[in-house]
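Subject: Handover of a structure and its findings

Dear colleague,

Please find the structure for your review below. The findings follow it.

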Amino acid sequence: MASIFTKIIEGEIPCYKVAEDNKHIAFLDINPNAKGHTLCVPKDEENKIFDLDKAGYADLMEFSRKVAIALEKTVPCNRVGMSVIGLEVPHVHVHLIPLNDMSEMTFQSKVKLGKDEFVALAKEIAGNL
Ligand code: 5GP
């Protein structure tokens, strides 16, 4: 069965898109740890990041790097943190999280954003790519 992220990639489920190339997509996490929390996802569905081949892994890191630089320009923060988990969605993704505090990397404290805020944020990050 297609993962929820494949459904997003195929446009069956909406997302607040930040960036896309032929192999990847980046969109805002729907339940963010911090404002600007973004997911970078390879379009080919693979479960675990270290099962990607060398080129796929390197491409994902380079795509994530571009998005992280745009994110840091957009959201005031100490730095952008990066995490890979995948326990909830078994489709490789890199979490990029603008950090001011270690608690923002715990996935336990969440921030609520309204639809308009998500839309504006995605547009602003995309504009800084
Ligand atoms: P992980 O698999 O790395 O543990 O976490 C999956 C992440 O995907 C979570 O941070 C969760 O909020 C996010 N997520 C799950 N479903 C959706 C969705 O349908 N849309 C978006 N934008 N994010 C999602």
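A backbone N or O atom of Ile-30 lies 3.4 Å from a nitrogen atom of the ligand, a polar contact in the sense of a pair of N or O atoms within 3.5 Å (within protein, one atom must be able to donate a hydrogen and the other to accept it, and residues adjacent in sequence count only if both atoms are side-chain atoms). The model is predicted, so local features need pLDDT of at least 70 and side-chain atom pairs count only at pLDDT 80 or more, while totals for chains, interfaces and linings use all residues. Residues are numbered from 1 along each chain as its sequence is written, and side-chain values use heavy atoms, with hydrogens and water left out.

A polar side-chain atom of Asp-29 is 2.5 Å from an oxygen atom of the ligand, and a backbone N or O atom of Glu-88 is 3.0 Å from an oxygen atom of the ligand. On its own the ligand has 530 Å² of accessible area, of which the protein covers 89%; such areas come from the Shrake-Rupley method with a 1.4 Å probe, and for residues only the protein chains shown count as cover.

The shell around the ligand holds 16 residues, the closest being Asp-29, Gly-86, Val-89, His-93 and His-95; a residue is near a molecule if one of its heavy atoms lies within 4 Å of it. H1 and S2 each supply at least two residues of this shell. The largest share, three residues, comes from H1. Helices (H or I, at least four residues) and strands (E, at least two) are DSSP runs, numbered from the N terminus.

The ligand sits in the largest pocket. On a 1 Å grid over the protein atoms alone, a pocket is an open set of points with protein on both sides within 12 Å along at least five of seven lines, whereas a cavity is a set of points where a 1.4 Å probe fits but cannot get out; lining residues have an atom within 4 Å of a point. A molecule sits in a pocket if more than half of its atoms lie within 2 Å of its grid points.

Aromatic pairs

A search of the whole structure gives three aromatic pairs. The rings of Phe-5 and Phe-27 are edge-to-face, because their centres are 5.4 Å apart and their planes stand at 75°. Rings of Phe, Tyr and Trp (its six-membered ring) pair if their centres lie within 6.5 Å; planes under 30 degrees apart count as stacked, over 60 as edge-to-face and the rest as tilted. Buried means under 20% relative accessible area, exposed over 50% and partly exposed in between (1.4 Å probe, protein chains only).

Phe-50 and Tyr-57 form a tilted pair, 6.0 Å centre to centre with 40° between the planes. Phe-50 counts as exposed at 69% relative accessibility, and Tyr-57 as partly exposed at 32%.

Other residues

Ser-3 is found in the segment before H1 and is buried, with a relative accessible area of 7%. The side chains of Ser-3 and His-91 are joined by a polar contact of 2.7 Å.

Most residues other than glycine have a negative phi. Phe-107 has a positive phi of about 60° although it is not a glycine. Phe-107 is in the loop between strand S5 (94–99) and helix H3 (115–127), and at 23% relative accessibility Phe-107 counts as partly exposed. Ala-34, in the loop between S2 and S3, is buried at 5% relative accessibility. Ala-34 and Phe-107 are 73 residues apart in sequence and 9.4 Å apart in space, C-alpha to C-alpha.

Ile-69 lies in helix H2 (residues 54–74) and is partly exposed at 41% relative accessibility.

Yours sincerely
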